[in-house]
Number of protein chains: 2
Amino acid sequence: MVAALLLFWRKGYAATSIEDLVDALHLSRSSLYDTFGDKRTLFLEALTFYSQTVLTNVGKLLQESPTPLAGIEKIFDDLTVGTTAETDAMGCFMVNSIAELTPYDATVTDIAALYSESFQQLLAKSLARAAAQGEVSKAQPPEAMAAYVFNALQGLRIVMKAGATRAQVRAIREITLNSLR
Amino acid sequence: MVAALLLFWRKGYAATSIEDLVDALHLSRSSLYDTFGDKRTLFLEALTFYSQTVLTNVGKLLQESPTPLAGIEKIFDDLTVGTTAETDAMGCFMVNSIAELTPYDATVTDIAALYSESFQQLLAKSLARAAAQGEVSKAQPPEAMAAYVFNALQGLRIVMKAGATRAQVRAIREITLNSLR
């Protein structure tokens, strides 16, 4: 599954052939169909797995952070600091799939909408706590701030893929986080 | 050219077949090759044309706006207000192509990097004027604010494609613009 996920992530859905999958999974064509069904089923499973993994990691990170705002900052740091050039440039498998397949693939559109809502709910819960503790401004409701933070994170997955400089990424991180206070 | 552009925009590069192009352009396969070269050449021409069109429009809009900040607001409005569900959901042809093809296609990566830099230069020029006129804060250099605004715009092309609500889009627009002041 992880091998298939990495392949779809790197190449996109349409450009990944059954031959590519057979090679990556070290399976014959017939056992690939027996085990995973067709290419589309395998892709949807990979995207769902990715979605759940990201949401679990983000939820854990936010829960374990010393303060709510520190958790949000950590999400930006994990995205923008200390990653390799290749993973920066691969972007986010969900963002890539949204760009490639929504809105014409209804299942992918549903998975993407659920991911976006769930991610923003996690952010909103932390931002509500951050507001209660005086870490962020109360001028905007937590849901509005969550939509704003989520948008900045989605943007970063595109601009970093298109060669944004370290200085540009730092500016995006800093202005976005400062504006919450 | 516009027919080919719309097709690549809607379907992505890999999913667009020569048959699709032949149908859309009302050409025979051989005259398509004679006129435009291969699929990749046609795609690169479409992406370059799109890039130049967006940059020309953004430059004009910023130049003609009553104040520099009003121009930036207009870019957000044009993106988030009064568009149809389909064009919202198609996203941005450049963002989609970045998601699908960078960094492994070096030519697309170059076109995307040039587009990103040029767009941010236009924004930075307006933001410098806005700062001089007191419309935006001088706390951040224009280039940093430009990277931040550009990132929010790229994010919107993804979140709107993945079904962001009107309230979420309004929140993103409002918090992003307020934070410049």
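A residue is called buried here when its relative accessible area is under 20%, exposed when that area is over 50%, and partly exposed in between, using a 1.4 Å probe and protein chains only. The structure is a predicted model, in which local features need pLDDT of at least 70 and side-chain atom pairs count only at pLDDT 80 or more, while totals for chains, interfaces and linings use all residues. Residues are numbered from 1 along each chain as its sequence is written, chains are lettered from A and ligands numbered from 1 in the order in which they are written, and side-chain values use heavy atoms, with hydrogens and water left out.

With that definition in hand, helix α2 of chain B, residues 18-25, has as its buried residues Ile18(B), Asp20(B), Leu21(B), Val22(B) and Leu25(B). The cover over these buried residues includes α1, α3 (29-36) and α4 (39-64) of chain B, where helices (H or I, at least four residues) and strands (E, at least two) are DSSP runs numbered from the N terminus. Just after α2(B) comes His26(B), which takes a positive phi of about 50°.

Chain A has 10 helices and 0 strands, and its C-alpha trace spans about 60 × 30 × 30 Å along the principal axes. Of the 181 residues in chain A, 53% are buried. Contact means heavy atoms within 4.5 Å, and among the contacts in chain A with a separation of 6 or more, 67% are between residues 24 or more positions apart. The accessible surface of chain A comes to about 7,800 Å², with 58% of it belonging to carbon and sulfur atoms; such areas come from the Shrake-Rupley method with a 1.4 Å probe, and for residues only the protein chains shown count as cover.

The two chains meet in a contact that takes 43 residues from chain B and 43 residues from chain A. The area buried between them is about 3,400 Å², and carbon and sulfur atoms give 63% of it, buried area being the accessible area (1.4 Å probe) that two parts lose on being put together, summed over both. Tyr104(B), Asn151(B) and Ile175(B) supply 18% of the area that chain B buries against chain A, more than any other three residues. Several helices of chain B, among them α1 (2-11), α8 (106-132) and α10 (166-178), each supply at least two residues of the side that touches chain A, and α9(B) gives the most, with 12 residues. That side of chain B divides into 24 nonpolar, 12 polar and 7 charged residues, where Ala, Val, Leu, Ile, Met, Phe, Trp, Tyr, Cys and Pro count as nonpolar, Asp, Glu, Lys and Arg as charged, and the others, Gly among them, as polar.

Which kinds of polar pairing does the rule find across the interface of chain B and chain A, and how many salt bridges are there? There are 16 residue pairs in polar contact, both residues at pLDDT 80 or more, but 0 salt bridges. A polar contact is a pair of N or O atoms within 3.5 Å; within protein, one must be able to donate a hydrogen and the other to accept it, and residues adjacent in sequence count only if both atoms are side-chain atoms. A salt bridge is a side-chain nitrogen of Lys or Arg within 4 Å of a carboxyl oxygen of Asp or Glu.

Thr102(A) lies in the loop between α7 (93-101) and α8 (106-132) of chain A, and counts as buried because its relative accessibility is 1%. Its side chain reaches the backbone oxygen of Ile98(A) at 2.7 Å. Leaving aside neighbours within four places in sequence, Thr102(A) is in contact with residues of both chains, including Val108(A), Ala112(A), Ala89(B) and Lys161(B).

Over all chains the structure holds 12 salt bridges. In one of chain A, the closest N and O atoms of Arg29(A) and Glu19(A) are 2.1 Å apart, and the pair links helix α3 with helix α2, 10 residues apart. Asp78(A) and Lys74(A) also meet in a salt bridge, at 2.9 Å, N to O; because they are 4 residues apart in helix α5 (residues 68-80) of chain A, about one helical turn separates them. In chain B, the side chains of Asp77(B) and Arg173(B) meet at 2.7 Å, N to O, and since Asp77(B) lies in helix α5 and Arg173(B) in helix α10, the pair ties together parts that are 96 residues apart in sequence. Asp77(B) counts as partly exposed at 25% relative accessibility, as does Arg173(B) at 21%.
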